[in-house]
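Here is a friendly note to read alongside the model. The points below go through salt bridges and then the ligand site.

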Amino acid sequence: MKRAIYPGSFDPVTNGHCDVVERARKLFDEVIVAVAHNDEKQPLFSLEERLDLLKQTVGRIDNVRIAQFDGLLVEFARTEKAAAVIRGLRAVSDFEFEFQMALMNRKLEGSVETIFLMPKEEYTYLSSRLVKEIARLGGDVSEFVPGIVIVALDKKFKR
Ligand code: PNS
């Protein structure tokens, strides 16, 4: 059983995240989409809301499981007996931080490999941060996120 973990804040899940999950699920027997608990960022959506949005989107895919984790990612990977950590790589600007994180995780736990997957080109500029900003300012995000996320954003911004 080859298992991978796709960790992140997912605040909220975007079409770019969904695209990465679709790619990862073809490479592994099981993909765990894992929402980090100890995020120092102030999320717009609570942990429960983020988990719920994931469950209602990529969580419906056969070999995809939604989970949460506290503490170190490598510890969670060890507990789940995961062979790999998946991260999406959109542009060169992502690279430095991702490279640092991958090598640090390797130092902490040598058996977990980080695999970078590139989402569709049309999602290269997409991020949860920009989606939230556009939605907050009343812009149209329907091209960037699943339908239920649009509804959730509308509720957050009381429209
Ligand atoms: O979606 P994000 O915010 O880019 O995800 C970052 C995340 C959650 C993958 C990263 O912050 C993380 O792994 N947090 C868990 C704590 C941890 O293991 N930190 C050491 C990383 S080298």
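Which residue's side chain meets that of R65 in a salt bridge?

1. The partner is E30: the side chains of R65 and E30 form a salt bridge at 3.2 Å, N to O. A salt bridge here is a side-chain nitrogen of Lys or Arg within 4 Å of a carboxyl oxygen of Asp or Glu. This pair links distant parts of the chain, with R65 in strand 3 (residues 64-69) and E30 in strand 2 (residues 30-36), 35 residues apart. Helices (H or I, at least four residues) and strands (E, at least two) are DSSP runs, numbered from the N terminus.

2. Before going on, a word on the source: this is a predicted model, where local features need pLDDT of at least 70 and side-chain atom pairs count only at pLDDT 80 or more, while totals for chains, interfaces and linings use all residues. Residues are numbered from 1 along each chain as its sequence is written, and side-chain values use heavy atoms, with hydrogens and water left out.

3. How covered are the two partners? E30 is buried, with a relative accessible area of 14%, while R65 is partly exposed at 30%. Buried means under 20% relative accessible area, exposed over 50%, and partly exposed in between (1.4 Å probe, protein chains only).

4. Next, look at E109 and R78, whose side chains meet in a salt bridge at 2.4 Å, N to O. E109 lies in the loop between helix 4 (92-108) and strand 5 (113-117) and R78 in helix 3 (residues 73-79), so the pair ties together parts that are 31 residues apart in sequence. E109 counts as buried at 13% relative accessibility, and R78 as partly exposed at 39%. As for shared partners, salt bridges join R3, E30, R65 and E80 into one network.

5. The whole structure holds 12 salt bridges.

6. Now to the ligand, which 13 residues surround, the closest being G8, S9, K41, L73 and R87; a residue counts if one of its heavy atoms lies within 4 Å. An oxygen atom of the ligand is 2.6 Å from an N or O atom in the side chain of K41, and a ligand oxygen is 2.8 Å from a polar backbone atom of L73. From R87, a polar side-chain atom lies 2.9 Å from an oxygen atom of the ligand.

7. Helix 4 gives the most to the shell around the ligand, with 3 residues.

Methods: A polar contact is a pair of N or O atoms within 3.5 Å; within protein, one must be able to donate a hydrogen and the other to accept it, and residues adjacent in sequence count only if both atoms are side-chain atoms.
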